[in-house]
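Here is a friendly briefing on the pockets, cavities and packing of one protein model. Have a look at the fold first, then read on.

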Amino acid sequence: YSRASISVAIRGQIMELSEGLDLQRLRESTRGCQPDRIFLNSAGSSLPPRPVVDAHVEYLREEELQGGALVATDQKAALEAFYPAVAALLGCSEAEVAFAESATRAFTLVLNSIRFFPGERIVTSASDYGSNFVGYIQAHKRWGAEIIVVPDDQSGQIDLDLLRTEVAHPRTRLVSIGHAPTGGGLIQPAEAVGKLAREFNVLYLLDACQTVGQMEVNVEKLQCDMLTASGRKFLRGPRGTGFLYIRGSCMNVLEPQLLDQTGAKLVSESDFELRSGARCFEQFEYSFGGKVGLAVAINYALGLGISNIAKRVKALSVRLRTGLVELDGVEVTDFGMNLSAIVTFCMPGKSAQAVREDLLDRGIEVSVSAADGGSCTWFQRRGLAAVVRASPHYFNTEEEIDRCVECIHEISKA
């Protein structure tokens, strides 16, 4: 990672931070923003804003007083608000959206709905999340699908020339990539991948759990057929929430596997009718309060403006990398032509977990991304066991970023 390139990239961005967002108001609306604590783990599970928590808790309070069935009826409008919110966020129709309990749950539901024939190919990237690879391997064992892992290019992103060759193969059925890996700052060229998939008429599944909420994610621009995302990360929604998107024209090639009478209508003792649209992937029981909270979180982000959020998180993450790359004894492990708000690093001779604990002792919360808990294939190919992961969001201050760099410098010298 070039020190000179980071220094150039940061200039001209920090001054934009306060133009579109009222930082003081945002921090006052976030109970977790405390003077003695610096939170830098939005890629794991972010601090939800006050309106999100209040909506979620109030729904649970109503269930406490009235029981879940009556509240679900009374709060139908709040529950249904989820669909137009996601549609506005992704640039799609409400009929193409479904609620899920997590990004991984959504991804599993979608992947398992694709019927592979022996020898058909799943083309993916080395940086894909470990749970996604589990799904690919299951498809291989169950259906005989072949898994093709496209190497990275010299910049660190998926090699688009090699990808073209693999997508053009007549047996390729699915291209599936993670928009941004859990263990590094890379943003994959998802739009370019979408163009290739469309050119060769191949299904395209995008795992956007780490990008939705920190940057624009528009399904028409990306040309993805299916997309999955999480509520608890950069969208700042409740845990146990997520969603999936299915392009309407792709519904007829999918076969949802886990159906109940919400996703399908029983018409006789031997037949059922599949519900139209993406909601056929939903089931009767889920976190009703979480769904309400996620709708509030999405509308909260839309109200701030995704472009404003993207500018701020970009500037804060560049500021953090700029500081870290100047430190002796610290190795920034982010690669790629386009980088996200996930900043990763390591200290040779000191474990990532030990660095995390030292930072926590100083009031700074970061996380550890390890090969056995994230992008295993990618970590192995890069020769890494684990990295420290810091992920600022728009409610963080420049002073917090600078304090984090200072503390990391102290730890590296100890």
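What volume does the second largest cavity have? The second largest cavity comes to about 40 Å³. The model is predicted, so to speak of local features a pLDDT of at least 70 is needed, side-chain atom pairs count only at pLDDT 80 or more, and totals for chains, interfaces and linings use all residues. Residues are numbered from 1 along each chain as its sequence is written, and side-chain values use heavy atoms, with hydrogens and water left out.

**Cavities**

- On a 1 Å grid over the protein atoms alone, a cavity is a set of points where a 1.4 Å probe fits but cannot get out, and lining residues have an atom within 4 Å of a point.
- Grid points are joined across faces, edges and corners, and a volume is the space filled by probe spheres set on the points.
- The lining of the largest cavity includes Phe99, Arg105, Phe281, Glu282 and Tyr286, and strand S2 (97-100) and helix H8 (103-111) each supply at least two of its residues.
- Helices (H or I, at least four residues) and strands (E, at least two) are DSSP runs, numbered from the N terminus.
- By class, the lining of the largest cavity has five nonpolar, one polar and four charged residues; here Ala, Val, Leu, Ile, Met, Phe, Trp, Tyr, Cys and Pro count as nonpolar, Asp, Glu, Lys and Arg as charged, and the others, Gly among them, as polar.
- Around the second largest cavity, helix H9 (residues 130-143) gives the most to the lining, with five residues.
- Among the residues lining the second largest cavity are Leu111, Phe116, Gln138, Arg142 and Trp143.

**Pockets**

- A pocket is an open set of grid points with protein on both sides within 12 Å along at least five of seven lines.
- The largest pocket has a volume of about 360 Å³, and of its 27 lining residues Tyr129, Thr182, Cys209, Gln210 and Lys233 are the closest to its centre.
- Strand S14 gives the largest share of the lining of the largest pocket, four residues, and this lining divides into eight nonpolar, 13 polar and six charged residues.
- The second largest pocket, of about 290 Å³, is lined by 16 residues, with Thr262, Gln283, Phe284, Tyr286 and Phe288 nearest its centre.
- Helix H5 supplies the largest share of the lining of the second largest pocket, three residues.

**Nonpolar cores**

- A nonpolar core is a set of buried Ala, Val, Leu, Ile, Met, Phe, Trp, Tyr and Cys residues joined through side-chain atoms within 4.5 Å, where buried means under 20% relative accessible area (1.4 Å probe, protein chains only).
- The largest nonpolar core has 65 residues, and Phe82, Leu90, Tyr204, Val212, Leu227, Phe243 and Tyr394 touch the most other members.
- Helix H13 (residues 288-304) gives the most to this core, with eight residues.
- A second, separate core of 26 residues includes Ala98, Phe133, Ala139 and Ala278.

**Helix H15**

- Ala352, Val355, Asp358 and Leu359 are buried in helix H15 (residues 352-361).
- These four lie on the same side of H15 because they cover an arc of only 125° around the axis, taken from the directions from the helix axis to the C-beta atoms.
- Just after H15, Gly363 has a positive phi of about 85°.

Technical notes: Buried < 20%, exposed > 50% of the residue type's maximum accessible area, 1.4 Å probe, protein only.
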